[in-house]
Amino acid sequence: QRLSLLKKIYGSWTFYDGSAEDRPKTPYMTVANAGNPFLDLPENKFPEESWQADAVYANHFLDAAIKLVRRGQQAIFTTYHGYGLSNVHVAKDGDEETFDYLAEDDDHRIS
């Protein structure tokens, strides 16, 4: 119950690559292309359509990752310290659980 409550409140990974259909279909991370067995590619060896060369993709990915980490930190703090949520009630309607809670503002925590 606690995990589903925290997931509902804080969410999960929400990144979506809007250009996935435009990404290269043929493998470019190959030993022949890299010139080494570790597949370390220099910047000029990445296709222009690859996610590694797409600044918009990288910025959106990092933004989604930062938001996920912040939500995770808040969820951990709530779980272990009890701050952030109060009046949590779980109601079961058949197979489905619903959660009712009061989310507290960081500045007005109930201690």
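This is a predicted model: local features need pLDDT of at least 70, side-chain atom pairs count only at pLDDT 80 or more; totals for chains, interfaces and linings use all residues.
Residues are numbered from 1 along each chain as its sequence is written, and side-chain values use heavy atoms, without hydrogens and water. Local features need pLDDT of at least 70, side-chain atom pairs count only at pLDDT 80 or more, and totals for chains, interfaces and linings use all residues.

User: Is Asn36 buried or exposed?

Analyst: Asn36 sits in the loop between helix H2 (31-34) and H3. Helices are DSSP runs of H or I with at least four residues, numbered from the N terminus. Buried means under 20% relative accessible area, exposed over 50%, partly exposed in between (1.4 Å probe, protein chains only). The relative accessible area of Asn36 is 18%, so Asn36 is buried.

User: Which backbone nitrogen does the side chain of Asn36 reach at 2.8 Å?

Analyst: A polar atom of the Asn36 side chain lies 2.9 Å from the backbone nitrogen of Phe38. At 2.8 Å, the Asn36 side chain reaches the backbone nitrogen of Leu39.

User: Why does Glu48 count as exposed?

Analyst: Glu48 also has its place in the loop between H2 and H3. Glu48 counts as exposed because its relative accessibility is 73%.

User: What is the relative accessible area of Phe61?

Analyst: Phe61 belongs to helix H3 (residues 55-81). Trp13, Phe61, Leu62, Ile66 and Leu68 form a nonpolar patch on the surface. Phe61 is partly exposed, and its relative accessible area is 34%.

Notes: Patches are made of residues with over 30% relative accessible area and no salt bridge: like charges are joined within 9 Å, nonpolar side chains (Val, Leu, Ile, Met, Phe, Trp, Tyr) within 5 Å. Accessible areas come from the Shrake-Rupley method with a 1.4 Å probe; for residues, only the protein chains shown count as cover. A salt bridge is a side-chain nitrogen of Lys or Arg within 4 Å of a carboxyl oxygen of Asp or Glu. Helices (H or I, at least four residues) and strands (E, at least two) are DSSP runs, numbered from the N terminus. A polar contact is a pair of N or O atoms within 3.5 Å; within protein, one must be able to donate a hydrogen and the other to accept it, and residues adjacent in sequence count only if both atoms are side-chain atoms.
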